[in-house]
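Please open the model in a viewer and keep the selection panel at hand.

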Amino acid sequence: MSDDTPSSPQNLPFFSEAVAAGFPSPAEGELQHKLDLNELCITNPVATYFVRARGESMRDAGILDGDILVVDRSLEARSGSVIIASLNGEFTVKILEKSGKRVRLLPANPDFRPIDITPESGAEYFGVVTCVIHRLRH
């Protein structure tokens, strides 16, 4: 199998009853159908890739050091999108902000500063982050 061929579906059990994140509720969920994580996370397989996040600049957006990001190159980057960009050859994940002619990449952590995108910054767009895979246990 080549690297750009999507893997076969991995249908795993999916319980339709939501799990309370506050107070527990009686377990009423029934197995409704199978869920394929590829189907859930990937809408355009030929334009999708994965990348690991590094650092703390997107912490408040729920992107933590070591998380896997699902990125779709076919999506239009709009103001408010979490994107992968390259600045002078260095990759970063940030929130795109467009306001008039001003374009900035915003962190989601007050310890980091926004990055103004200028012609000199050598910025390139590499896709919109669509999902974050965050492990709670290793």
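Select strand 6 (90-99), which contributes the most to the lining of the largest pocket, with five residues. Strands here are DSSP E runs of at least two residues, numbered from the N terminus. The model is predicted: local features need pLDDT of at least 70 and side-chain atom pairs pLDDT 80 or more, whereas totals for chains, interfaces and linings use all residues. Residues are numbered from 1 along each chain as its sequence is written, and side-chain values use heavy atoms, without hydrogens and water.

Next, display the pocket itself. A pocket is an open set of points on a 1 Å grid over the protein atoms alone, where a 1.4 Å probe fits, with protein on both sides within 12 Å along at least five of seven lines; its lining residues have an atom within 4 Å of a point. The largest pocket holds about 380 Å³, a volume being the space filled by probe spheres set on points joined across faces, edges and corners. Of its 20 lining residues, Ala-53, Arg-54, Phe-91, Thr-92 and Val-93 lie nearest the centre. Strand 3 (48-52) and strand 5 (82-87) also give two or more residues each to this lining.

Now select strand 5 with strand 6: the two run antiparallel, joined by six bridges (strands pair if DSSP finds at least two bridges between them). Val-82 has Ile-95 as its bridge partner. In the two-residue turn of this hairpin, Asn-88 has a positive phi of about 50°.

Terms used:
Helices (H or I, at least four residues) and strands (E, at least two) are DSSP runs, numbered from the N terminus.
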